[in-house]
Amino acid sequence: MKNPRYSIITVSLNDKKGIARTAKSIQEQTTRDFEWIVIDGQSNDGSVDVVRDSPVATHLISEPDDGIYHAMNKGGRLAKGEYCLFLNAGDWLYSDSVLESAA
């Protein structure tokens, strides 16, 4: 299997509502040429369940970290895509064809 064009990396901590919004935005993309990597700081608000239930989440790490940049670096090390996009919990893509249009 070839590597995806995009690695979408999301870092989160106790933002269930935000991660749900981000997941919906990613799921609505018209292309599937991406991986979605979620680095969670060991949330206890149900955020992890939202990611586990998402059909587009490809990697989930939920463990304590040393802050947002440490979490972002964890995600970057897992990324296999040609391009990395950091889309934090609560952020969303402008339209459902953003990734396809950028290709």
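Modeller: Before we start, exposed here means over 50% relative accessible area, and buried means under 20%. This is a predicted model.

Biologist: Lysine 74, then. What does it form a salt bridge with?

Modeller: Glutamate 63, with the closest N and O atoms 2.8 Å apart. This pair links distant parts of the chain, since lysine 74 is in helix α3 and glutamate 63 is in the loop between β3 (57-62) and α3, 11 residues apart.

Biologist: How accessible is lysine 74, and how accessible is glutamate 63?

Modeller: Lysine 74 has a relative accessible area of 9%, so it counts as buried. Glutamate 63 is partly exposed at 34% relative accessibility.

Biologist: How many salt bridges does a search of the whole structure find?

Modeller: The search finds 4. One of them joins the side chains of glutamate 82 and arginine 5, at 3.7 Å from N to O. Glutamate 82 sits in the loop between α3 and β4 and arginine 5 in the segment before β1, so the pair ties together parts that are 77 residues apart in sequence.

Biologist: Is glutamate 82 buried or exposed?

Modeller: Glutamate 82 is exposed, at 53% relative accessibility. Arginine 5 is partly exposed, with a relative accessible area of 23%.

Biologist: Switching to α2. Which side chains meet in a salt bridge there?

Modeller: Aspartate 49 and arginine 52, at 3.9 Å from N to O. Both are in helix α2 (residues 47-53), 3 residues apart, which is about one turn of the helix.

Biologist: Why does that spacing work in general?

Modeller: An α-helix has 3.6 residues a turn, so residues three or four places apart point the same way.

Biologist: And the accessibility of aspartate 49 and arginine 52?

Modeller: Aspartate 49 is partly exposed at 44% relative accessibility. Arginine 52 is exposed, with a relative accessible area of 60%.

Biologist: Last topic, rings. What sits over the ring of tryptophan 92?

Modeller: The charged end of arginine 21, 3.4 Å from the centre of that ring. As for aromatic pairs, the count comes to 1.

Key. Residues are numbered from 1 along each chain as its sequence is written. This is a predicted model: local features need pLDDT of at least 70, side-chain atom pairs count only at pLDDT 80 or more; totals for chains, interfaces and linings use all residues. Side-chain values use heavy atoms; hydrogens and water are left out. Rings of Phe, Tyr and Trp (its six-membered ring) pair if their centres lie within 6.5 Å; planes under 30 degrees apart count as stacked, over 60 as edge-to-face and the rest as tilted. A charge sits over a ring if NZ of Lys or CZ of Arg is within 6 Å of the ring centre and within 35 degrees of the ring normal. Helices (H or I, at least four residues) and strands (E, at least two) are DSSP runs, numbered from the N terminus. Buried means under 20% relative accessible area, exposed over 50%, partly exposed in between (1.4 Å probe, protein chains only).
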